[in-house]
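Q: I'm new to this one, so could you walk me through its pockets?
A: Gladly, let me bring it up.

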Amino acid sequence: MIRNVIFDFGAVLFQWNPQKIVETFTRSIDEQNILMEQVLAHPDWLALDRGTMLLAEEIPKFAARTGISCQRMEEFINHIQLSLEKIPETEALFFRILDKNYPTYYLTNMCSAFFETLYEKHHFISFFDGGVVSGKELTMKPEPEIFHLLCQRYHLNPHECLFIDDHYPNIETAKSLGFNTVHFTPTQDCIREIEEALAMFSPKIQAL
């Protein structure tokens, strides 16, 4: 029986399109390629997500590696955060799930600074029952440890959870640990799949 719903953030509840991010930041193809390859696709970006490096440490490294000034790099980082807009369809789905009284959690790979910005900007995040942010925990998806951490912290049984994520390696790990899963795509068919999976079971009714 599914009793809990777990959401990824990037490309599920919030827009995350690296190519679009660089294209909307600069018209220079050369600069776009540099920012993509030497920032967003670089191992240092994963270090931010893992929490082993902070933005204040990484920005000078990004600047030195790319030849782009620290000020310009800070502008790019701010642009990334502004690009993390809500996806209306999944926000609406989230509220429909709340209406059915399912406890909801988040499990996201994200640096803590980005998460704090999102939390301050988007009030609906406070409606989650809890969650785990990789940048605060020194572990990240698809590593099993971050899934175990979520379950231990909130006393969740994987077999009673529906995990929604756009990145298939994360889905594979979740399946191997016993989670029910939906590999998210931005389509009405996927939204319907999630709704049907939940409609098959009686939601957990919160005690009054």
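Q: Which domains does the lining of the largest pocket draw on?
A: In this predicted model, at least three residues of that lining come from domain 1 (4-15 + 86-200), and at least three come from domain 2 (18-83).

Q: How much space lies in that largest pocket?
A: The space in the largest pocket comes to about 530 Å³. Its lining is made up of 22 residues, and those closest to the centre of the pocket are Trp-16, Trp-45, Leu-46, Asp-49 and Asn-109.

Q: And which helix gives the largest share of the lining there?
A: That is helix α3 (residues 43-50), which supplies 3 residues to the lining of the largest pocket.

Q: What about the lining by class, for the largest pocket?
A: The lining of the largest pocket divides into 12 nonpolar residues, 5 polar ones and 5 charged ones.

Q: Switching over, what volume does the second largest pocket have?
A: The volume of the second largest pocket is about 170 Å³.

Q: Which residues line the second largest pocket?
A: Its lining consists of Ala-11, Gln-15, Trp-16, Asn-17, Lys-20, Ile-21, Thr-24, Leu-82, Ser-83 and Glu-85. Two or more of the lining residues are given by each of α1 (18-25) and α5 (70-83), and the largest share, 3 residues, belongs to α1.

Terms used
Residues numbered from 1 in each chain as written. Predicted model: local features only at pLDDT ≥ 70, side-chain atom pairs only at ≥ 80, totals over all residues. Heavy atoms only, no water. 1 Å grid on protein atoms, 1.4 Å probe; cavity = no way out; pocket = protein on both sides within 12 Å on 5 of 7 lines; lining within 4 Å. Points joined across faces, edges and corners; volume = space filled by probe spheres on them. Helix = DSSP H or I, 4+ residues; strand = E, 2+ residues; numbered from the N terminus. Nonpolar A, V, L, I, M, F, W, Y, C, P; charged D, E, K, R; others polar. Domains from an automatic or database assignment.
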